[in-house]
Amino acid sequence: MTTPSSPARPVLLGQNQYGKAENRVVRITREGTTHHIKDLNVSVALSGDMDDVHYSGSNANVLPTDTTKNTVFAFAKEHGIESAEQFGIHLARHFVTSQEPIHRARICIEEYTWERIEGTGADGEEIKHSFVRQGQETRLTQITFDGESWEVVSGLKDLTVLNSTNSEFWGYVKDKYTTLPETHDRMLATEVSARWRFNWTDGEQTAPDWNASYEQTKRHMLRAFAETYSLSLQQTLYEMGARIIENRAEIDEVRFSLPNKHHFLVDLEPFGLKNDTADGAVYFAADRPYGLIEATVLRDGAEARIPADLTNL
């Protein structure tokens, strides 16, 4: 058999991982007639001593992906789901500490939130078991553990926000291809995709309150978006990140990807109508092409670790 180091085959295995992706887990907790719901999409990626399975097909070090799927569901029952972060930490620790060939585990989780539907049953009691899924955003987290240190990167996607005024865009570079007119009163809208990295890396340290941290981080992000008089989406992005860093001591880095959801004034002159922002305007909401603004905001002295491309994070 030809070995990887054989001169006849100068090929080496690079980075590799395996696991079960997108395990949909719904956990219902009952407190009498009051029910609580957690709805997660969990992906597991494991890496370690996996040379043999690639070179010779030996599965001696391979924990089946079906087993990782079963573990996700069993842990939801055994440990519950306090938060996406805590659930991911339980899983990552288990895979690395229970399987000697596994040196690193990465757990990626999407969380879908639900709110209660108010109502009264036939017995006159308040209904506490009916829910409607919220569509505001999807909560995210990625847990990485190598047996010694942790990295927790949380965030959100699909959070659409809009300012109907207090936004301008002028003074930009112009060349022979520029047709965009300057504006001192425009609509600013974007769909926020954000990730933030916690400075909690030692399992012996007290972990942040993951749920409270998420809610407060989102709150500061939205407040900064609303309160910033924007001369550019880049300026707004920076203020959103800065507000988080300044107010959340557990976070050292924030990465944003902000598509500019353009709203263009409709030309109504052919119909004898003046479409002026001063008295209420009509806009065309364009879905593409769109400007895409991306940047990282860091605590002074911190290292940038969140990838520039958020596609697979």
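## Surface patch

A residue counts as exposed when its relative accessible area is over 50%. Leu12 has a relative accessible area of 70%, so Leu12 is exposed. The model discussed here is predicted.

Leu12 sits in the segment that precedes strand E1 (23–31). Together with Leu13 and Tyr55, Leu12 makes a nonpolar surface patch of about 290 Å².

## Helix packing

Helix H2 (residues 65–78) and helix H3 (residues 84–98) have axes that come within 11 Å and cross at roughly 130°. This angle makes H2 oblique to H3. The crossing of H2 past H3 is right-handed.

## Salt bridges

Side chains of opposite charge can pair when their charged atoms come close. The whole structure contains 16 salt bridges. One of them joins the side chains of Glu227 and Arg243, at 2.9 Å from N to O. Glu227 belongs to helix H4 (residues 210–227) and Arg243 to helix H5 (residues 233–247), so this pair ties together parts that are 16 residues apart in sequence. Glu227 is partly exposed, with 44% relative accessible area, and Arg243 is also partly exposed, at 22%.

Arg248 and Glu250 form a salt bridge with their closest N and O atoms 3.0 Å apart; both residues are buried. Asp287 and Arg288 are paired through their side chains at 3.8 Å, N to O. Arg288 is exposed, its relative accessible area being 66%.

## Charged network

Salt bridges also link Lys38, Glu85, Glu111 and Arg139 in a network.

Definitions and conventions: Residues numbered from 1 in each chain as written. Predicted model: local features only at pLDDT ≥ 70, side-chain atom pairs only at ≥ 80, totals over all residues. Heavy atoms only, no water. Patch = residues over 30% accessible without salt bridge, like charges linked within 9 Å, V, L, I, M, F, W, Y side chains within 5 Å. Areas by Shrake-Rupley, 256 points an atom, 1.4 Å probe, with all protein chains shown as cover. Salt bridge = Lys/Arg side-chain N within 4 Å of Asp/Glu carboxyl O. Helix = DSSP H or I, 4+ residues; strand = E, 2+ residues; numbered from the N terminus. Buried < 20%, exposed > 50% of the residue type's maximum accessible area, 1.4 Å probe, protein only. Axes fitted to C-alpha atoms, helices over the stretch in contact; angles between N-to-C directions. Parallel < 35°, antiparallel > 145°, perpendicular 65-115°, else oblique. Left-handed = near helix turned anticlockwise from the far one by under 90°.
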